[in-house]
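Q: I'd like to go through this model piece by piece. Please keep the answers plain and give the cut-offs as you go.

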Amino acid sequence: MPSTPLPAPQPLPDGYYVAPPPPRPLLLFITNVKNARTVWVEISINDNVHMLKRYTSRKMGIPVQDMILVYQGEELKNDTQIKLSKLDFVIQKAAESEPSAEDCTIHLIDIKDTPADIREPKAAGPDGTHGSF
């Protein structure tokens, strides 16, 4: 049975708009600095860091509020969109070619693994010092 050729593309009628395709998801590796456990997460560049933490929490079992995510020495803040954070470096690399796994790795610090005296410094004394160390 012969196949019928498809009709040629037609121009869009007035008033119609075709939106560009959404950006490809970004593949990121999240590595726990204490035990080196690594998981991968796909996320939209339009999502925020809090969403990235939620995806990571599901895979690692660490509560979102206990996570600090660090990329290239900078903490990723919850309300920052991925494309507006320091991760824009990975987005640019992905547009040019395949970024390396090192480029796509984010370090996770579980605050429960951090000693309390580092996590919550002692209140300053009357002279402004934090006591003896």
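Q: Is Asp 110 buried or exposed?
A: Asp 110 is buried, with a relative accessible area of 7%; buried means under 20% relative accessible area, exposed means over 50%, and partly exposed is what falls in between, with a 1.4 Å probe and protein chains only. As to the basis, this is a predicted model, in which local features need pLDDT of at least 70 and side-chain atom pairs count only at pLDDT 80 or more, while totals for chains, interfaces and linings use all residues. Residues are numbered from 1 along each chain as its sequence is written, and side-chain values use heavy atoms, with hydrogens and water left out.

Q: And which residue forms a salt bridge with Asp 110?
A: That is Lys 112, with the closest N and O atoms 3.9 Å apart, where a salt bridge is a side-chain nitrogen of Lys or Arg within 4 Å of a carboxyl oxygen of Asp or Glu. Lys 112 also forms a salt bridge with Asp 66, at 3.1 Å between the closest N and O atoms. Asp 66 lies in the loop between α1 (49-60) and β3 (67-71) and Lys 112 in the loop between β5 and α3, so this pair ties together parts that are 46 residues apart in sequence. Helices here are DSSP runs of H or I with at least four residues and strands are runs of E with at least two, both numbered from the N terminus.

Q: How accessible is Asp 66, then?
A: Asp 66 counts as buried, at 13% relative accessibility. Salt bridges that share partners join Asp 66, Asp 110 and Lys 112 into one network.

Q: How many salt bridges are there in the whole structure?
A: A search of the whole structure finds five. One of them is between the side chains of Asp 113 and Lys 34, at 3.7 Å from N to O. Because Asp 113 lies in the loop between β5 (105-110) and α3 (116-119) and Lys 34 in the loop between β1 (26-32) and β2 (38-43), the pair ties together parts that are 79 residues apart in sequence. Asp 113 is partly exposed at 36% relative accessibility, whereas Lys 34 is exposed at 61%.

Q: Stepping back, what order do the elements run in?
A: From the N terminus on they run β-β-α-β-β-α-β-α, which comes to three helices and five strands. The protein has 133 residues, and buried residues make up 27% of them.

Q: Which residues have the most contacts inside the largest nonpolar core?
A: They are Leu 28, Ile 30, Leu 52, Leu 69, Leu 87 and Ile 106, in a core of 21 residues; a nonpolar core is a set of buried Ala, Val, Leu, Ile, Met, Phe, Trp, Tyr and Cys residues joined through side-chain atoms within 4.5 Å. At least two residues of this core come from each of β1, β2, α1, β3 and β5.

Q: What does Ile 106 touch?
A: Leaving aside residues up to four places away in sequence, the residues that Ile 106 touches include Leu 28, Ile 30, Leu 52, Leu 69 and Leu 87, a contact being heavy atoms within 4.5 Å.

Q: Switching to pockets, what lines the largest one?
A: The largest pocket is lined by 14 residues, of which Arg 24, Pro 25, Leu 26, Leu 27 and Ala 94 lie nearest its centre. The elements that give two or more residues to this lining are β1 and α2 (88-96). A pocket is an open set of points on a 1 Å grid over the protein atoms alone, where a 1.4 Å probe fits, with protein on both sides within 12 Å along at least five of seven lines, and lining residues have an atom within 4 Å of a point.

Q: Which residues have a positive phi without being glycine?
A: Ala 36 has a phi near 65°, and Gln 72 has one of about 50°. Most residues other than glycine have a negative phi.
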